[in-house]
Amino acid sequence: GIQKARFAKVVGATFSIEDHPQRVVEIAQTSGLTSYLQDRPYNREVTDPKVIRVNSVTEYLDAIDRGN
């Protein structure tokens, strides 16, 4: 998570998508990125307010197209 957050900053990313529960929280907390979590049964415990849950990559892409 921390390595991904650093990489995202280096390349100038403003959004991220992840399915791993710990990584998405680390990215959201350390990078300042808008962090999306692809919903899966194994990550349902994530409730961090900085993480936006989506059902698919298509939903993620629609959200970033809308600027959410």
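Predicted model: local features only at pLDDT ≥ 70, side-chain atom pairs only at ≥ 80, totals over all residues.

Biologist: Which elements make up the protein chain, and in what order do they run from the N terminus?

Modeller: Helices (H or I, at least four residues) and strands (E, at least two) are DSSP runs, numbered from the N terminus. Here there are three helices and three strands, in the order α-β-α-β-β-α. The radius of gyration of the protein chain is 11 Å, close to the 11 Å that the globule rule gives for 68 residues, so the chain is as compact as a globular protein of that length. That radius is taken over C-alpha atoms, and the rule is 2.2 Å times the number of residues to the power 0.38.

Biologist: What share of the 68 residues counts as buried?

Modeller: Buried means under 20% relative accessible area, exposed over 50%, and partly exposed in between (1.4 Å probe, protein chains only). In this chain, 32% of the residues are buried.

Biologist: Which residues make up the largest nonpolar core?

Modeller: A nonpolar core is a set of buried Ala, Val, Leu, Ile, Met, Phe, Trp, Tyr and Cys residues joined through side-chain atoms within 4.5 Å. The largest one here has five residues: Val24, Ala28, Leu37, Val46 and Val51.

Biologist: And what does Val46 touch?

Modeller: Contact means heavy atoms within 4.5 Å. Leaving out residues up to four places away in sequence, Val46 touches Pro21, Val24, Val25, Leu37, Val51 and Arg53.

How values were computed
Residues numbered from 1 in each chain as written. Heavy atoms only, no water.
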